[in-house]
Structures are given as structure tokens and as C-alpha cells.
Amino acid sequence: MSDLSKIPVTVVTGFLGSGKTTLIRHLMQNPQGKRLAVLVNEFGTMGVDGEILKTCADENCPAENIVELANGCICCTVADDFIPTIEALMAMPQAPEHILIETSGLALPKPLLKAFDWPAIRSRITVDGVIALADAEAVAKGQFAPDVDAVQAQREADDSLDHDTPLSEVFEDQIACADIILLTKADLVDAATMEQARAVIDAETPRKLPMLPVTDGQIDPRLILGLGAAAEDDLDARPSHHDGHDDHEHDDFDTIVVEMGEIADPEALQAAIIRLAREKNVLRVKGYVAVAGKPMRMLVQAVGERLRAQYDQPWGDRARKTELVVIAEHDDVDAAAIRAILGA
């Protein structure tokens, strides 16, 4: 049981583009009367997710309560970044009543849970719950393992075999650490596909977990906040591929930031982003586009070949320029080819 004297923290994890930021925006807009703080951990150098969240700041979660950590995975920079940030939030004149942490899509949640045992904070905060988001369509297709059952059988038969790709290992660690799994983009799949996604996850979870379908982050906050899981005291029930290791690497992934000026043809740029996924195995593209003749900046977010683009707010006093974060597995990153396709 969670200690009611401690500030509860909800960790929102999930693979690239699973909908974490969309969910947190929804929670910010429906805070259940609580004063919130949000900690966003970006993988890369440009804080797109933090910018998105700051556009919906209000009295329940003012802009100063939204903090970005872009110096690497917070589970790798606990002493330098995570602990001081949590201490600063708790030292505010009006301390938050609930903290939301959006992890990088590449982060492993279990090392982060271990950070809550640090003497400086362990008596003051607790992990209310770990919410893992999974793209229902991608999971149903077996994107993280070609044949989940066969891989599991081989692993059990021979511990020396390693048939996981880096992506599947991240995915499995995230769902194994979770208290609830949200199957996102439910509007894009039929009932049979949703059931297949559930079956894939069931085959990988160490214990039975509730799974809820979600579209555009819309879920009753009471279902995922106030769980009282005290997850930092329940680590043995959350196995990880990295148990027994003191650290972990994210060297399987590379991030590059592509900067350009104003774009005359946004449709052509969007087609180029889709081409990156198809020809260069790019996993994720996100950022802002300055479209010539348009006073509003365009927010672009792509997961594989699925892309969303919308004008989100005026540029105001900010420099009009296009900046895109591109993430791919290390072996697939060809910076020159990526820039050429984008026309940079």
C-alpha cells in the first residue's frame, strides 16, 4: 500500500509514438482537482514533447511545473538530473499533489523505479503506478518479435540464445514493469486486431495485467491515477532483461536533428518523412515546420509510415525555422541520406 503522506508519482512509459504526450495532455486537462507537475524526458536535443505540454498549462499545472530533462535517459542521470529536479518540484511554494513522468520512448522503467529509493527523496514520494502504452496495431503485427511464442519457446529451451531485437527488449521491459497497459490508437483497429494485441502482450507479461483500449489519450483519470502501487517496493514482481546489471546502454539508437529554413511545400516534406520510414527504417520523426506564408507553426509527428501534421500555434517572437528530430536504430542511421531525402 502507498503511504498517503508521500507525493504520488505516475510513470508513463511506452514505445516511440505510442501516445504518451497525448495521454499526459488529457490528464493535465482533467486533473481531478489536484495540482500537477510534469517531468518530460526527451531522447535527443529538442524538447518537442515539453513544448506540446506547455501549450495546455493552466492553474492546475502551470508552465513552471512542466520540466524537461534532455540530457539523456533519466535512469542514467539520476544524481545529476532526476533527483535535483524532483527536489526542486517538492520545494516549490505550492508543492505538486501528483507528479507525472513521461519517459523517453527508449527508456527502461525499472532503473527509474530504483531511483525512488535514494535517501534524498524516498521518504517524500512514491510511485503510484507505472502506465505502459502500446500501439495496438503495431503490437498485433508482431513488430517487436516475428513470432512471440516461438521466441519465448527458444528462450526457455536455451538460455544462451538471444532472439530479441533491441526494440523488442525495450518493449518487453516496459510492459513487464507496468501496473496497467493502455492499448492506444484503438480507433485504427478492429476487434480481432485488438484481441491479437492483447494476446501478444499476455504472452510477454510476467503477471496478469489490466489492458484498456484508448483513443487520443481519452480515459477516465480515476482508472490510472491513485493506484497506490508503491512500485518502488515491488521491484521483484517487475522483471527486466537488465536485472543484475548496474547500468544499461541506449547505443542501439541514434538521434539526429535536421534543421531547415521555411518549407514551401509541406505535403512534399510529409511524403519525404514517410519515405524515410519506408526506405531508411526510420522509427520516429517529430518536430516543428515553418511553412512559407503561414503564421502558424506546423507540428509533425510520425511513427513509421503513420504521420500526423497540424498547425498548433503562432510562431510569435520565435525564429521561423524547421527542426525535425529523427530517431532510428544505430545501424540504420545514414545522416547524409536522411538529410538528402528531407531536402536539407
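Okay, let's start with one definition: a residue is buried when its relative accessible area is under 20%. Keep that cut-off in mind, and keep in mind too that this is a predicted model.

Is Gln-174 buried or exposed? Gln-174 has a relative accessibility of 1%, so it counts as buried. You'll find Gln-174 in helix α7. And what does Gln-174 touch, once we leave aside its neighbours within four places in sequence? It's in contact with Thr-13, Gly-14, Phe-15, Ser-104, Gly-105, Ala-107, Pro-109 and Ala-132.

Now let me step back to the whole chain. We've got 10 helices and 12 strands in it. The chain has 344 residues, and 52% of them count as buried. If you take contacts between residues at least 6 apart in sequence, 80% of them join residues at least 24 apart.

In soluble globular proteins, nonpolar side chains tend to be buried together. Here the largest nonpolar core has 23 residues, and the members that touch the most others are Phe-82, Ile-86, Ile-99, Ile-101, Leu-113, Phe-116 and Ile-125. Which elements give two or more residues to this core? Those are β1 (7–14), β2 (36–41), α3 (78–90), β4 (98–102), α4 (109–115) and β5 (125–135). The top contributor is α3, with five residues. There's also a second, separate core, with 21 residues, and it includes Ile-256, Val-282, Leu-324 and Leu-342.

Helix α9 (residues 266–280) packs against helix α10 (residues 335–342) at an angle of about 150 degrees, and their axes are 8 Å apart. On the α9 side, the residues in the contact are Leu-269, Ala-272, Ile-273, Arg-275, Leu-276, Glu-279 and Lys-280. Across from them, α10 brings Ala-337, Ile-338, Ile-341 and Leu-342. Sort the residues of this contact by type and you get eight nonpolar, three charged and no polar. As for the spacing you see in lists like these, an α-helix has 3.6 residues a turn, so residues three or four places apart point the same way.

A quick word on another helix, α1 (residues 20–29). How many of its 10 residues are buried? Seven are, which leaves α1 mostly covered. The buried ones are Lys-20, Thr-21, Leu-23, Ile-24, His-26, Leu-27 and Met-28.

On to the charged pairs. Side chains of opposite charge can pair when their charged atoms come close.

Arg-308 forms a salt bridge with Asp-216, and their closest N and O atoms are 3.5 Å apart. Arg-308 is in strand β11 (residues 306–314) and Asp-216 is in the loop between β7 and β8, so this pair ties together parts that are 92 residues apart in sequence. Arg-308 is partly exposed, at 45%, and Asp-216 is partly exposed, at 41%.Then there's Arg-320 with Glu-262, whose side chains meet at 2.6 Å, N to O. Arg-320 is in the loop between β11 and β12 (322–329), Glu-262 is in the loop between β8 and α9, and the two are 58 residues apart. Arg-320 is partly exposed, with a relative accessible area of 31%, and Glu-262 is partly exposed at 42%.

Last stop: Asp-233, in the loop between β7 and β8. Asp-233 has a relative accessible area of 63%, so it counts as exposed. The C-alpha atoms of Asp-233 and Phe-116 are separated by 9.3 Å, though the two residues are 117 apart along the chain. And Phe-116, remember, is one of the core members that touch the most others.

Terms used. Residues numbered from 1 in each chain as written. Predicted model: local features only at pLDDT ≥ 70, side-chain atom pairs only at ≥ 80, totals over all residues. Heavy atoms only, no water. Axes fitted to C-alpha atoms, helices over the stretch in contact; angles between N-to-C directions. Helix = DSSP H or I, 4+ residues; strand = E, 2+ residues; numbered from the N terminus. Contact = heavy atoms within 4.5 Å. Nonpolar A, V, L, I, M, F, W, Y, C, P; charged D, E, K, R; others polar. Core = buried A, V, L, I, M, F, W, Y, C linked by side-chain atoms within 4.5 Å. Buried < 20%, exposed > 50% of the residue type's maximum accessible area, 1.4 Å probe, protein only. Salt bridge = Lys/Arg side-chain N within 4 Å of Asp/Glu carboxyl O.
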